[in-house]
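Grab a pencil and try these exercises on the structure shown below. Each task comes with a solution that goes step by step.

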Amino acid sequence: KTQGQEASVSDYKVQSKQSPPPLPYSLSILQIDASKRFNLSPKMVLDVCQSLYEKHQLITYPRSDSRYLPKEQFAQASKILSVIKSNVPSFATAVDNANPKLKSKAWDDSKVDAHHAIIPTNRAKAIASLTADEAKIYQLIATQYLMQFYGPHKYQEQVAKIDIAGGEFIAKGKSTKDLGWLALTKSENTKTETETETVLPNLSKGESLLCIDSQLLEKQTSPPKHFTDATLLGAMTGIARYVQ
């Protein structure tokens, strides 16, 4: 019905949006991330954190369920950033590009209980002296802290509504304007949002187009996947979704 038919743009909108940096780590969120990235079990992550905290004194108290920081902690930001640079030489550019005067929403006294989020301390110690797992977890915590001193990820969203043979079809596009904190994830061996962006051409309402191809796909839903350490932890942090 639609293949080879005339099409007409019934609506086209472009919106500027932005996403703030993710908050620093609580223990459960750190365990979820470390499980996804390094396949470390929750217990292994806790053991490594205890070592980084007690033995090396490189991170703050790890058994925390808070993702926020007290406002008075902000005064230490410049010192902690310079220590991260000295401890992890490969982070030099990331630290140099950070703005220590930038205050993310992480600094909020009203959301800090007995313990604040897990962040690096201002203790200097070369990462080369750590075990492989200790180095991975320290760098994960340091990166999440660094993100607080980067601006938001700014992007544009495009939504086009197109009429073809009496049916309405919707196309969506997204283009990054400023990576902001997302720049810190580009060095990892993972696909970033920018690598999978689909950008729509500039369209105008009433513009005529041609539907050159169309497909009808028949699919079946699949049951939820078995829990992994990471997804089980994620479920437990929002357990009300599963249990009354």
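**Exercise 1.** Work out which hand the crossing of helix 1 and helix 6 has, and how the two helices are oriented.

*Solution.* 
Step 1: The crossing of helix 1 and helix 6 is left-handed; that label applies if the near helix is turned anticlockwise from the far one by less than a right angle, while clockwise would be right-handed.
Step 2: Before going on, note that this is a predicted model, where local features need pLDDT of at least 70, side-chain atom pairs count only at pLDDT 80 or more, and totals for chains, interfaces and linings use all residues. Residues are numbered from 1 along each chain as its sequence is written, and side-chain values use heavy atoms, with hydrogens and water left out.
Step 3: Two packed helices are described by the angle between their axes and the distance between the axes. Here, the axes of helix 1 (residues 27-38) and helix 6 (residues 229-237) cross at roughly 160° and come within 8 Å. Helices are DSSP runs of H or I with at least four residues, strands are runs of E with at least two, and both are numbered from the N terminus. The axes are lines fitted to C-alpha atoms, for helices over the stretch in contact, with angles from 0 to 180 degrees between N-to-C directions.
Step 4: Helix 1 and helix 6 are therefore roughly antiparallel. (Under 35 degrees is roughly parallel, over 145 roughly antiparallel, 65 to 115 roughly perpendicular, and the rest oblique.)

**Exercise 2.** Find which residues of helix 1 and helix 6 meet.

*Solution.* 
Step 1: From helix 1 come Ser28, Gln31, Ile32, Ser35 and Lys36, and they meet Asp229, Ala230, Leu233, Gly234 and Thr237 of helix 6. Contact means heavy atoms within 4.5 Å.
Step 2: Sort the contact of helix 1 with helix 6 by class, and you get 3 nonpolar, 5 polar and 2 charged residues. (Ala, Val, Leu, Ile, Met, Phe, Trp, Tyr, Cys and Pro count as nonpolar, Asp, Glu, Lys and Arg as charged, and the others, Gly among them, as polar.)

**Exercise 3.** Decide whether leucine 46 is buried or exposed, and list its contacts beyond four places in sequence.

*Solution.* 
Step 1: Leucine 46 sits in helix 2.
Step 2: Its relative accessible area is 15%, so leucine 46 is buried. (Buried means under 20%, exposed over 50%, partly exposed in between, with a 1.4 Å probe and protein chains only.)
Step 3: Leaving aside neighbours within four places in sequence, leucine 46 is in contact with Leu27, Gln31 and Arg63.

**Exercise 4.** Where does alanine 165 lie, and what does it touch?

*Solution.* 
Step 1: Look in the loop between strand 2 (153-164) and strand 3 (167-178) for alanine 165.
Step 2: With 33% relative accessibility, alanine 165 counts as partly exposed.
Step 3: Not counting residues up to four places away in sequence, alanine 165 touches Lys1, Thr2 and Glu6.
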